[in-house]
Amino acid sequence: MSAHAKTDFVGHDTHAAAPVEKRSWLLTRPTAKTGLVSWLTTVDHKKIGLLYGISALFFFLVGGFEALLIRIQLAVPNNTFISHQLYNELFTMHATTMIFLAVMPLSAAFFNYMMPLQIGARDVAFPRLNGFAFWVFLAGAIVLNIGWFVKSGAPDAGWFGYAPLTSTAYSNQFAGDMSTDLWVMGLQILGVSSVVGSLNFIVTIINMRAPGMTMMRLPVFTWMTLVTAFLIILSFPAITIALVELMMDRSFGTSFFDVSGGGLPILWQHLFWIFGHPEVYILILPAMGIVSEILPTFARKPLFGYPIIVFSGATIGFLGFGVWSHHMFTTGMGTVATAAFSLLTMAIAVPTGVKMFNWIGTLWGGHLQMRTPMMFALGFMWMFMMGGFSGVMHSAAPADAQQQDSYFVVAHFHYVLIGGSIFALLAGIHYWFPLIFGRKVSEFWGKLSFWVIFIGFNVTFFPMHFLGLNGMPRRTAVYDGNMGWNDANLIATVGALVLGVGIAIYFGVMIYTYFKGEKTTHDEWDARTLEWTVPSTPPPEHNFDVIPTVHARDAFWYEKTHKAEIEKEKAEHAKAEQDHGGIHMPSQSWFPIVAATGLLIGAIFFVNHIMIGAIAGGAIMFLGVYLWAVEGPGGYHIHLDDKNHDKH
Amino acid sequence: MVQYLPVTRLTNGTYLLGQMTLPSIFRSLKTRALSCAAVAAMPLFLGGWGNWNWLTGPQSTFDTKGPVAESQLDVFYVTLWVTGITFVIVAGILAYATFKFRARKTDDLKAVIPHQGHGNPLIELGLIGLSVLALVFIAVPTLRAIWYTYDVPAEEKASAYEVNAIGLQWWFKFEYPAEQIDGAGTLVTGNELVIPAGRPVRINLRTSDVIHSFWVPKLAGKVDMIPNRGNHLWLKADEPGYFWGQCAEYCGESHAVMRFRVIALNETDFAAWVAHQKTPARTVAPYSVLNGAPAAPYEFNNPGRNAPGYSADFDKAPFAAWQAKQEIDAGEDPALIAQGRQIFQQKTCTSCHAVRGHEGAGVTAPDLTHIGSRTTIAAGLLENTKQNLHRWIAHPNEVKPGNKMYVGVPLQSGVMAGYVKIDPATGKPEETPHITVSDAEARALVAYLHSLK
C-alpha cells in the first residue's frame, strides 16, 4: 500500500511558539518531491542510497572496462595492444576505481538504504550531512578520473602510490605532470566523504534504534556497518596525513618523503598501510554483513552463533589495525617485526574462519531456498574461503617473500574482493531489489548471470596463482613468451571476457527488471529483519507508518509469529505519535551540494597550482557550510490518513 | 535459547549430535582421508607434467636452487598442507550441508519451517580452538624460516661473499666491494650478477632513485631496494648455474622490462671471471686480423616495440651460452670496431657509460667495459645478439619506453639530452632529435661493443 501522506506543514516545527517568520529565498528550503531538484537537494537516506548505488555501479563498469583492457594486453606475450604508460595508468585507475569508487560506495549505498530501515529509524541522524557525503564522494570521483581527459593523463603511480615514485622528481621528470596531484586530491576528497558518512552512521546506529532494538538484537549487516564506520573514522586520518605530506612535498617543497631533503620513503608505506589494511576490512565487512542477512532468510532459520559472528566482526576490526606491515614483509623490517606481524596476521584468520563456520552452521538443518541471492551468497562463501586460505599462505612471511608483488597476490585479493565483496554486493542487490523497486528479478536470468560470473571469475583468477608461483610479477605491461606464463595468461583473459559477459547479463537483467520486471508484494523472501516491514515497496519517504517496537533479534520474524500482539501495539503507538504531532521528517537543502561543489572547484584549481581559484573554491565551500548552519535544522510533519494507515 | 549438544535418538536409529548426524561425521572422516591422499600427491603434481610448464619456468619458485628459496618453499608447502586439508574439510561440510538441506521442490520453498536454533557454543568454541591449533602448525616453521632467511647463518659468515646491488630506473648496477681495481676503484658491472656457487652471498640492496625489488625466484624471495634504507638479503646457489631475475616493485614506466640475470660459477671460474673483469677493456688494433676473416653484415629489420628478445636455443642451455659469450667472437672486423669506438665518443655515449681503459667514464648508465661478455642487454631484456644490440641502440624507446638513454636525464639546471631533447616546459621532445644513429653507425657500434669481451 502506498502511504497516503499529506505534507501540511513545511519549513518549521508545529510546536514552535514563534509565528512563522518570512525567510529570504536563499534560506527557503526546497520541497520538490520529484524531478532533478528533488535529487540534488535530497536528504532522504533512500534516495542518497540510490545515488550512491548508481554512481558505484557506473564506476564498477568503468573499472571493469579498464580491467578488460589490461587482460587483453596480457592475453599473449610481447603484446603491443597498449603502451606501457597507458597500462600503468590503467592498473592504477582500475584499483583506485574499484576500491574507492565501486566497492566502498556500493557498501555505502546499502548502509544508507538499509541500515536505517533495519534499526527502525525514519532517517539517519544528520540527513543533510548524508547528502553532503554523497556529493563530496562524487566530487572526489570526478577529480580522480578527470586525468583521462586532460594532457597529463590519468594517475600512474599505482593505487598505493609508493614514495618516491609519486614525488615531482620522478613523476614530473620533464614537465608539470598533475596526474599524481589529481590522485592526491581525489583520495583526499573521498576521505572527507567517507569520514563524514561514517560519523553519521555511527550516531544513527547508536542513537536512533527503535524501542527494544538493543545492540545484541541489531541485524548483523547493521553491526558490520557500525564496525566499518569505526574502521573508516579511525583509519582514514592516517592516509589523510600521508596525502597532506605528499601534497606538501609536491606543491610546497617539503621533504617528508624526499631523500635528498632527508625524507623517509618508508614512512609513506607505514602510513598508507595503517590505513590500507583496515581498508581491506572496510571492503569485506559490509559484504559479510550482507551474507549474514541472506543466509538466515533463505535457510529459514536464525543466524548460527549470532554473538560470535558479531564479536568476530569487531575482533577483525580491532586486529585489522595491527597487521598493516604484512604488506611490507619484503621491505626489510628485520626479524622481530616480521615475526610479530606474521603471527598477528595468522591470528586474524581465526575470527574470519569463525564466521565461515557459523555461516555453515546457519545452513545446517535449514530449509535452503536456492534463489538467486542465495546462489551469490553461497558463491561468496566458496570464493571468500579460497581467498582466505591464500591469505593464510601470505601470513607466513618467508613464503610471502616469493609471493609478494607476484600474480599470486593478484589472485588472492581478487578472490577476496570479487569473490568476497563483489559477490556479496551483487547478492545484496538481488536480495533487496524487490524491497527497493517493488519488482522481482527473474530467477532464470539471475541464476544464469550468477553461473557465468562464477565460472568467468574462477577461470580468470585461479590460473593467476600458478602465474605468481611461477615468478610473474604484477604490474608488468609485457612479458616474454619463454617464461611458462603464456597458457595461464591466455586462459585468464578468456575468463575475464566471460566474466565481462556475466556482468553484462547481470546489469541487463537489472535494467530490464527495473522497467518491466514482475511486481512483488513486499516481503518477497519471507525475510526476518525490520527493513521488510515497510508499508509498501518501494518504501514511502517516512519508512514506517509506526516506529516498530522490537521484541527479538529477528524482529520481523517475531512480528510474523506474534501478529495479534504486534497489531495492538502498533495501533497504540500510532495514536501516540499522532498526538505527538505526526511523523517528523527532515527538510531538503541545497547547501550540501553547494559545499561539495566548492570542494570540487577548489581541488581542480589547486591541482593546476592556481591558488586564487583554490581559495575561491574553499570560500564557496565555507559559504555553503555557513548558509547550511544559518538555514537551521528545518523539518516538517506528515500525518497519515487514518482510514489507510492500518492496511499493511 | 542456547543448546548444549543435545544428543537425541532419531526414529531411523541414527544419533543426532547437535545438528550433525553420526553417519555424516563418518562420511566427513572418509572425505578427509581421501583429501589427505590428494594433498600428498600435490608436490608431484606441481613438479611438472611433461610439457606442462605452469610451475617450471625460469622464474619458478618451486624449482629451487639454493637453501634460502628452499626454506621459503618448505614454509609454502606447510601452508599448502594446512590450508589444503582445512579447505577439504570445510568445503566438504559446506557442500554436504548445501545439498542435504536444500529445498527440493519449488512449491515447498516456504512450506517447512526448520528448527529455529541459534547456535551451539561448544561447537563454536571447539572450532576456534581447532583453528588456532592449525595455525600453530604454520607459525612454528614460519618463525624458524624468518630468522634463517634474514641473514647469512653465523657459522657461514666467514665464507660469505659480499656484493652491492643498486636499482635504477630501469636497470641494476652490481658492485663488488671485495674487488678493488688499481686506479679505478670498485669493480662494477650491470644487469648480470656473477656470484660464486656453493658459498653464501650477502647482497646489500640500494637504490639511486625510486623503490625497486631484487628477486631471483630460484635462489631467494625478494627484498626491496628502498631509498634511505640499508636493506640486504642473502642467497646461495648450490651449484653453478644461470638464473632469471626481475624487479618486483612497480618503479615507473618501464618496470615490466627491468630484469637481470644471475650467474653462479664454481670457485675457480669465479676467480678467473673476477680477474678478467678487473682488466681494462679489450682493444682491437686496427688492421689486425683476428679469429678469421670479417663476417658478412648481418640482416637487420626493426621488429618493433615489445618484440621478443629471447630464443629457444639460448633457453635450452643458458649457462653454456654464458660460457660461450666469454670467448672472442669469430669474424670480427677491426676497421669497423675502430670506427665504432669513434662513434661511441661522437654520439656522447661516453658521458653516461664507462668503458674502463677506453674513453667512456660516465657513471649514470651501465658500465660497458666487458659488455661483449654479457648474455643480455637492456637490463636482462634482450639476448646480446648483434641484431638485438642494433635494435637497442637504434630504437631504444621501442625496447624500453622512457629510458634515460632516449629521453635524457633531468638535472637541477635543465635537462641533459638523450636521443631526444625534452623541452622542460612542455615535456615534449624537440622536433630535431639530439642524437641519431644511422644503420651504418649502429653496425659499427655493435662491432665495437661486442669486441669488449
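Let's start at a glycine. Just after helix 19 of chain A, A:Gly632 takes a positive phi of about 80°. Keep in mind that this is a predicted model.

Now back up into the helix itself. Helix 19 of chain A covers residues 611–630, 20 residues in total. From first C-alpha to last, helix 19 reaches 28 Å, close to the 28 Å expected at 1.5 Å a residue.

Which residues of this helix are buried? They are A:Gly617, A:Met621 and A:Gly624. Look down the axis of helix 19, and its buried residues fall within an arc of 55°, so they line one face. An α-helix has 3.6 residues a turn, so residues three or four places apart point the same way. Part of the cover over those buried residues in chain A is helix 18, residues 591–607.

Turn to the other side of helix 19. There, A:Met611, A:Ile612, A:Phe622, A:Tyr626, A:Ala629 and A:Val630 are exposed.

Next, the two chains together. 84 residues of chain A are in contact with 92 residues of chain B. Several helices of chain A give two or more residues to that side, including helix 3 (84–118), helix 8 (265–299) and helix 15 (486–516). Helix 10 of chain A gives the most, with 16 residues. By type, the chain A side divides into 46 nonpolar, 31 polar and seven charged residues.

Last, chain B. Its secondary structure comes to twelve helices and 17 strands. Chain B has 453 residues, and 44% of them are buried. Take the contacts in chain B with a separation of 6 or more: residues 24 or more positions apart account for 64% of them.

Key. Residues are numbered from 1 along each chain as its sequence is written. Chains are lettered from A and ligands numbered from 1 in the order in which they are written. This is a predicted model: local features need pLDDT of at least 70, side-chain atom pairs count only at pLDDT 80 or more; totals for chains, interfaces and linings use all residues. Two residues are in contact if their C-beta atoms, placed from the backbone, lie within 7 Å. Helices (H or I, at least four residues) and strands (E, at least two) are DSSP runs, numbered from the N terminus. Ala, Val, Leu, Ile, Met, Phe, Trp, Tyr, Cys and Pro count as nonpolar, Asp, Glu, Lys and Arg as charged, and the others, Gly among them, as polar. A residue is buried if 20 or more other C-beta atoms lie within 10 Å of its own, exposed if 12 or fewer, and partly exposed in between; C-beta atoms are placed from the backbone. The expected span of a helix is 1.5 Å times one less than its number of residues. The arc is that of the directions from the helix axis to the C-beta atoms.
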